[in-house]
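Biologist: Hi! Could you walk me through the cross-links in this one? I'd like to go through them piece by piece.

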Amino acid sequence: MLKRIIPASCALALYLAAPMLHEMGVSGVAAAAQEEESQVADQETRRVPSMSESTYKKLTEAQEAIDAKDLAGAKQVLNQMLERRDRLNGNEVGQVYNMLGFVYFSEENYPQAINAYRQVIAQGEDIPAGLEVTTLYTLAQLSFVNEDYQQALDYMETWITKANNPGAEPYIFMGQVYYQMENYPAATRQIEKGIDVARQRGVPLKEQWWALLNFLYYEQENWPKVLETLEILVRDFPKAEYWRRLAGIHGQLGNDDKSLWTYEAADVAGFLERSSDYTNLAGLLMQAEVPFRAARVLERGIDAEVVDRTDRTLQNLGQAWQLAQEVDKAIPVYLEAAKLSDDGKIYERLASLYLDADQYDNCVDAANGALDKGGLRSVQNMYVIRGMCEYNMDKMTAARASFVECRTSSRRADDDTNRRICQQWITHIDREVERAEQLARAI
């Protein structure tokens, strides 16, 4: 029997890289922390200290160094400004640390970047509300990259209190953080919230959101939701892996018919890529008692060199052809499989097939091959088949010897049924030989 489908693994590639931080300019207005800008409730009413012309020029000098990829030069300018921070007001200090944080971020020095951005937040009401909100989001992202997940959540919770009507991305980000903390129920709620917000705003839903949500449902064994999200993935982001998982989950839940339909749809769409894809589909077709189609699927996989021509694979193909009543196709496949096999079991099956097809010479050769390789389920059965083929070839002496071997093997195995059968054959052959001799004498 062909191999039954093995449910696909649900270990997902989740695309959990931290969102990229946007560059920040010298004007003190940071770029948005997410795709759409959040409105801040007190943005219009907060009054902050103004920036002096000398501070603006120094920040411009640092920005020009950044644009020229001279990060060391930018740090030098900014640190010199901080050495005389007693001359700067809170807004100016925040802007200097804001730019310094970006420099450290560009150097991938995330701990120092975090320290700098914390100094921005420390200026409190002296910095613009938009800068505060954006910096909180940036700190959350940097904490995530630095694997300080609880700190990332703390910053996001503060950010949520200050942002008005946030979009989907912040919720997705929080879901990623909870995922890393292995708090799957909380991660699920955040991802679901993000998807709901995106739908309300008409924002396209991203593949990685659904992939992460599918993984979270799987870990919580919420099978209806697992199937629902996989159906969305195969519909909106069709890939072989998603089709494979959908079929695997149906198989795991005992929905063999749906598993078969899923694999067939994947086949029509050209998504059979792995050896297991072909063998699983063929196995399901065999279970559904459609051996001809099972054979065609396996044959395509072998011809495409995706499925290896092993003795096991070829035996499965031969069995499919045999059950499909395509004996002429089954025999050469079995013969190739038998030559590759370490034991004689495939030769044993082939001998029976040759007997049914009245190919007695080949039947004897296959039986001898089976006996030579060994590892048979029943040696005495193989002697019976060989003896029957020899009898049909009128080789009475050889046939009698085969049945004598069968009788001997049956006695050793305490197999009374085959012992009686072989003894009956021996008696029958002896009578045939005697009758033939009498007729010869009479003539």
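Modeller: Happy to. Let's begin with Cys363, which counts as buried because its relative accessibility is 0%. Buried here means under 20% relative accessible area, exposed means over 50%, and partly exposed is in between, using a 1.4 Å probe and protein chains only.

Biologist: Before we go on, what kind of model is this?

Modeller: This is a predicted model, so local features need pLDDT of at least 70 and side-chain atom pairs count only at pLDDT 80 or more, while totals for chains, interfaces and linings use all residues. Residues are numbered from 1 along each chain as its sequence is written, and side-chain values use heavy atoms, with hydrogens and water left out.

Biologist: Thanks! Which cysteine does Cys363 form a disulfide with?

Modeller: Cys363 pairs with Cys389, and their sulfur atoms are 2.0 Å apart. A disulfide is called here when two cysteine sulfur atoms are within 2.5 Å, and helices are DSSP runs (H or I, at least four residues) numbered from the N terminus.

Biologist: And Cys389, buried or exposed?

Modeller: Cys389 is buried, at 0% relative accessibility.

Biologist: What about the handedness of that link between Cys363 and Cys389?

Modeller: The link of Cys363 and Cys389 is right-handed, with 80° about the S-S bond.

Biologist: How many disulfides does the count come to?

Modeller: Two disulfides by this rule. Cys406 and Cys422 form a disulfide too, with their sulfur atoms 1.8 Å apart. That pair also links distant parts of the chain: Cys406 sits in helix H20 (residues 396-412) and Cys422 in helix H21 (residues 416-442), 16 residues apart. The torsion about the S-S bond of Cys406 and Cys422 is about 60°, so this disulfide is right-handed.

Biologist: Which pattern do the disulfides follow?

Modeller: Counting bonded cysteines along the chain, the pattern is 1-2, 3-4.

Biologist: Switching topic: how many salt bridges does the structure hold?

Modeller: It holds 20 salt bridges. The criterion is a side-chain nitrogen of Lys or Arg within 4 Å of a carboxyl oxygen of Asp or Glu.

Biologist: Nice. What is the partner of Arg309?

Modeller: Arg309 forms a salt bridge with Glu336, the closest N and O atoms being 2.8 Å apart. Arg309 lies in the loop between helix H14 (291-303) and helix H15 (311-323) and Glu336 in helix H16 (residues 327-340), so the pair ties together parts that are 27 residues apart in sequence. Arg309 is partly exposed at 44% relative accessible area, and Glu336 is partly exposed at 29%.

Biologist: Where does Arg386 lie?

Modeller: Arg386 is in helix H19 (residues 379-392). Its side chain meets that of Glu390 in a salt bridge (3.8 Å, N to O). Arg386 and Glu390 are four residues apart in H19, about one turn of the helix, and both are buried.

Biologist: Why does Arg386 count as buried?

Modeller: Because its relative accessible area is 15%. Leaving out residues up to four places away in sequence, Arg386 touches Val364, Ala367, Asn368, Leu371 and Ser402, where contact means heavy atoms within 4.5 Å.

Biologist: Last one: which residues are linked in a network of salt bridges?

Modeller: Glu241, Arg244, Arg245, Arg274 and Asp277 are linked in such a network.

Conventions
Helices (H or I, at least four residues) and strands (E, at least two) are DSSP runs, numbered from the N terminus.
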